[in-house]
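This report describes how the parts of one protein chain pack together. Please keep the sequence and the structure in view while reading.

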Amino acid sequence: MAVKIKTKAGTIEISNDVIATVVGGATTDIYGIVGMASKNQIRDNLNELLRKENYAKGVVVRQEENGVAIDVYTVVSYGTKISEVCRNVQEKVKYNLETLLGVTANSVNVFVQGVRVLPD
């Protein structure tokens, strides 16, 4: 499905993959986020971080009446305050969706799939 925005000039359709890419880019910009994780780690047999071209596998977009609901699956860095990192993800994802795409995020749910110790 896609988000449809009606304007005076016509209709704009934004696909879920575009939304997922914007969400993935916003998420990986946050300090403390190591990368995106697959939402189906058992089925996909992935324990590694997703690359930029696979952000959609770590994001679930659900259409709602007045916007979208977003689920983000992440891997955080060891030694960071996880609750603060997740709150930053929520704020940045909402901001980017509203400013870049004009889409309202009703909820942004962050799922921490793992913690990674980074080498010094």
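## Packing of helices α1 and α3

In this predicted model, helix α1, spanning residues 16-28, packs against helix α3, spanning residues 82-101. The angle between the two helices is about 135°, and their axes lie 9 Å apart. Angles over 145 degrees would count as roughly antiparallel and those from 65 to 115 as roughly perpendicular; α1 and α3 are therefore oblique to each other. Their crossing is right-handed.

On the α1 side, the contact is formed by V18, I19, V22, V23, A26 and T27. Their counterparts in α3 are V89, K92, V93, N96, L97, L100 and L101. By residue class, the contact of α1 with α3 comprises 10 nonpolar, 2 polar and 1 charged.

## The largest nonpolar core

In soluble globular proteins, nonpolar side chains tend to be buried together. Here, the largest nonpolar core contains 26 residues. Which residues have the most contacts inside it? They are I19, V23, I70 and L97.

Two or more residues of this core are supplied by each of the helices α1 and α3 and the strands β3 (33-36), β4 (59-64), β5 (67-77) and β6 (105-116). Helix α3 gives the largest share, 6 residues.

## L97 and its contacts

L97 belongs to the α3 side of the contact with α1 and is also among the core residues with the most contacts. Leaving aside residues up to four places away in sequence, L97 touches I19, V22, V23, V68, I70, G102, V103 and A105.

## V75 in strand β5

V75 is located in strand β5. Is V75 buried or exposed? Its relative accessible area is 8%; since buried means under 20%, V75 is buried. The C-alpha atom of V75 is separated by 6.2 Å from that of A37, although the two residues are 38 residues apart along the chain.

## The chain as a whole

The protein has 3 helices and 6 strands. Read from the N terminus, these elements follow the order β-β-α-β-α-β-β-α-β.

Of the 120 residues, 38% count as buried. Among contacts with a separation of 6 or more, 64% are between residues 24 or more positions apart.

How values were computed
Residues numbered from 1 in each chain as written. Predicted model: local features only at pLDDT ≥ 70, side-chain atom pairs only at ≥ 80, totals over all residues. Heavy atoms only, no water. Axes fitted to C-alpha atoms, helices over the stretch in contact; angles between N-to-C directions. Helix = DSSP H or I, 4+ residues; strand = E, 2+ residues; numbered from the N terminus. Parallel < 35°, antiparallel > 145°, perpendicular 65-115°, else oblique. Left-handed = near helix turned anticlockwise from the far one by under 90°. Contact = heavy atoms within 4.5 Å. Nonpolar A, V, L, I, M, F, W, Y, C, P; charged D, E, K, R; others polar. Core = buried A, V, L, I, M, F, W, Y, C linked by side-chain atoms within 4.5 Å. Buried < 20%, exposed > 50% of the residue type's maximum accessible area, 1.4 Å probe, protein only.
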